[in-house]
Amino acid sequence: MSSVKPVRRLAAPTAAVAAAALLLTGCGSDSDTAAALSVRSAYIPQPVSDTMAAGFLTIVNQGGAKDELTSVTSTAAGSVTLHETVGSSMEEVDSLDVPAHGQLVFKSGGNHLMFEKLKRKPVRGETVTVELHFASSGPLKVEIPVESAVYNPKTGH
């Protein structure tokens, strides 16, 4: 006689109940109605100028609502402005969208931060602290490393 035990048929209903519970849990989460922001790939190329520098980073939004980057502040500069590049034209803007489940990319040759009236010229190996301000979300404080003037990140920006 074989010692094979009969298979219980509860696996499918149990899996269905678990899937339904997960679905219901996700329906009421804040990620569906709010932005969930983080920053990655931040850097400042060591500036050539004593008064200006550019900054690059990616703001990632894992939430279900868009937000807007409205300003950036830093004690390292008199002002930090947002610049948008469209085609070959660069212009200062008041805000930039951070799409739901998307990202806002600042990269060389594209959108970037412009640090103006530097208090002192940042050098490679240092970090520059900035605070990112948004229309809906609370501010994010970011430590941006200063890289060589010819730094080319692996992320492509």
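In this predicted model, strand β8 spans residues 112–118 and includes M114. M114 counts as buried because its relative accessibility is 11%, under the 20% limit. Leaving aside residues up to four places away in sequence, M114 is in contact with M52, A53, S79, V80, T81 and H83. The C-alpha atoms of M114 and L82 lie 6.5 Å apart, although 32 residues separate the two in sequence.

F115 has contacts of its own. With residues up to four places away in sequence again left out, F115 touches I44, T51, M52, A53, A54, G55, S74, A77, S79, V80, V128 and V130. F115 is also one of the residues, with I59, L69 and F106, that touch the most other members of the largest nonpolar core, a set of 26 residues. The largest contribution to this core comes from strand β9 (residues 127–134), which supplies four residues. In soluble globular proteins, nonpolar side chains tend to be buried together.

Which strand holds K117? K117 is found in strand β8. Its phi is positive, near 55 degrees, and K117 is not a glycine. H101, also not a glycine, has a positive phi of about 50 degrees. H101 sits in the loop between β6 (96–98) and β7 (102–106). Most residues other than glycine have a negative phi.

| Residue | Relative accessibility | Class |
|---|---|---|
| M114 | 11% | buried |
| H101 | 59% | exposed |
| K117 | 61% | exposed |

H101 is classed as exposed because its relative accessible area of 59% is over 50%.

Note on methods. Residues numbered from 1 in each chain as written. Predicted model: local features only at pLDDT ≥ 70, side-chain atom pairs only at ≥ 80, totals over all residues. Heavy atoms only, no water. Core = buried A, V, L, I, M, F, W, Y, C linked by side-chain atoms within 4.5 Å. Buried < 20%, exposed > 50% of the residue type's maximum accessible area, 1.4 Å probe, protein only. Helix = DSSP H or I, 4+ residues; strand = E, 2+ residues; numbered from the N terminus. Contact = heavy atoms within 4.5 Å.
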